[in-house]
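Please walk through the model shown here, contact by contact. The tour starts at a single side chain and widens from there.

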Amino acid sequence: MKINLAAISMAAVLSTSTWAQAPVVSVGGSGSVNDRLAELERAFNARSQAQIDQQRQLSSLQQEVSELRGLLEEQSYRLEQVIERQRSILAAQQEAAQQPSTPPPAAEQGAAGSSQPQGRSNAPAAAPAGGDEQAAYDNAVNLVLQDKDYDAAIPAFARFITQYPQSTYVPNAHYWLGQLLFTQKRFDQAKAQFARVVEAYQNSNKRADSILKLGLIAKEQGDNALAKQYYEQVLREYSNSGAARLAQENLNGL
């Protein structure tokens, strides 16, 4: 009886050891747990990579849309400048046409005895932007829109602002500079450029977008309360603009 008990005990030990060493098979015999885990991991990695690719494509599209909007606004701004200059020239010509065609009295002639040409106004016409100024600004813009050389565009806009502080293109230059710095995630520097547009150029066509960008920067830096304030400011001050639509979308996403 003792021998039988010992044999039974030994058989139980051997059976348990054999069971512990046997491969683990999933229920239904469809493969090992490790194989299934590996398959799930591959599927997860594939899905994650697809999401990363989609995010990259979205970021690229957003950048292209931003550049196209900038180009459209730039062309509109230049058209307005051309129209304004033509108005100034026309006004000067009309004023000149109203001047008397008779030569001035001898007492009003110059010391050399020559008078001013007939039919010409003494008031100068409005002068267009200087050639160097226009070329410098065009060069900076083309670095963004044509060459896609964003690293070179940043100092180009900075130089333009320093060299031509009174130019009508300065608010646009601040905005472009902020946009480039924002793309590089240099948020504090970008914030300074957008804030300059908002505070110093109340009539700039870049002001609404600059406020929106300040909201996006606040969101990136984790300050949703401040971001909300900027979005609401866009909606309040520029309710019918494209910037207002984007502000509302971002406000809904907070």
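Start at Arg 207. Leaving out residues up to four places away in sequence, Arg 207 touches Val 197, Val 198, Tyr 201, Gln 202, Gln 233, Glu 237 and Tyr 238. Contact here means heavy atoms within 4.5 Å. This is a predicted model, in which local features need pLDDT of at least 70, side-chain atom pairs count only at pLDDT 80 or more, and totals for chains, interfaces and linings use all residues. Numbering runs from 1 along each chain as its sequence is written, and side-chain values use heavy atoms, with hydrogens and water left out.

Arg 207 sits in helix α7, residues 207-220. Helices are DSSP runs of H or I with at least four residues, strands are runs of E with at least two, and both are numbered from the N terminus. Arg 207 counts as buried because its relative accessibility is 6%. The cut-offs are under 20% relative accessible area for buried, over 50% for exposed, and partly exposed in between, with a 1.4 Å probe and protein chains only.

Which side chains make polar contacts with the side chain of Arg 207? One is the side chain of Glu 237, at 2.7 Å. Another is the side chain of Tyr 238, at 3.0 Å. A polar contact is a pair of N or O atoms within 3.5 Å; within protein, one must be able to donate a hydrogen and the other to accept it, and residues adjacent in sequence count only if both atoms are side-chain atoms.

Arg 207 and Glu 237 also meet in a salt bridge, 2.7 Å from N to O. This pair links distant parts of the chain: Arg 207 in helix α7 and Glu 237 in helix α8 (residues 224-237), 30 residues apart. The term salt bridge covers a side-chain nitrogen of Lys or Arg within 4 Å of a carboxyl oxygen of Asp or Glu. Glu 237 is partly exposed, since its relative accessibility is 37%.

How many salt bridges does this rule give? The count is three. Lys 191 pairs with Asp 188, with the closest N and O atoms 3.9 Å apart. Both belong to helix α6 (residues 187-200); they are three residues apart, so about one helical turn separates them. Asp 188 is exposed at 53% relative accessible area, whereas Lys 191 is partly exposed at 33%. Arg 245 forms a salt bridge with Glu 249, where the closest N and O atoms are 3.2 Å apart. Arg 245 and Glu 249 share helix α9 (residues 242-253) and stand four residues apart, about one turn. Glu 249 is partly exposed, with a relative accessible area of 46%. An α-helix has 3.6 residues a turn, so residues three or four places apart point the same way.

Now turn to the rings. The whole structure holds seven aromatic pairs. Rings of Phe, Tyr and Trp (its six-membered ring) pair if their centres lie within 6.5 Å; planes under 30 degrees apart are stacked, over 60 edge-to-face, and the rest tilted. Tyr 137 and Phe 160 make a tilted pair, 5.3 Å centre to centre with 55 degrees between the planes. Tyr 137 lies in helix α3 (residues 131-145) and Phe 160 in helix α4 (residues 150-163), so the pair links distant parts of the chain, 23 residues apart. Tyr 137 is buried at 0% relative accessible area, and Phe 160 is buried at 1%.

Phe 157 and Trp 176 are stacked, because their ring centres are 6.3 Å apart and their planes meet at 5 degrees. Phe 157 is in helix α4 and Trp 176 in helix α5 (residues 170-183), so the pair ties together parts 19 residues apart in sequence. Both residues are buried. One aromatic cluster is formed by Tyr 137, Phe 157, Phe 160, Tyr 164, Tyr 169 and Trp 176.

Last comes confidence. The chain averages a pLDDT of 74, and 58% of residues score at least 70; pLDDT is the predictor's confidence in each residue, from 0 to 100. Over residues 88-97 pLDDT stays under 50, and the model has seven contacts there beyond four places in sequence. Residues 100-128 are also below 50, with 16 contacts in the model beyond near neighbours in sequence.
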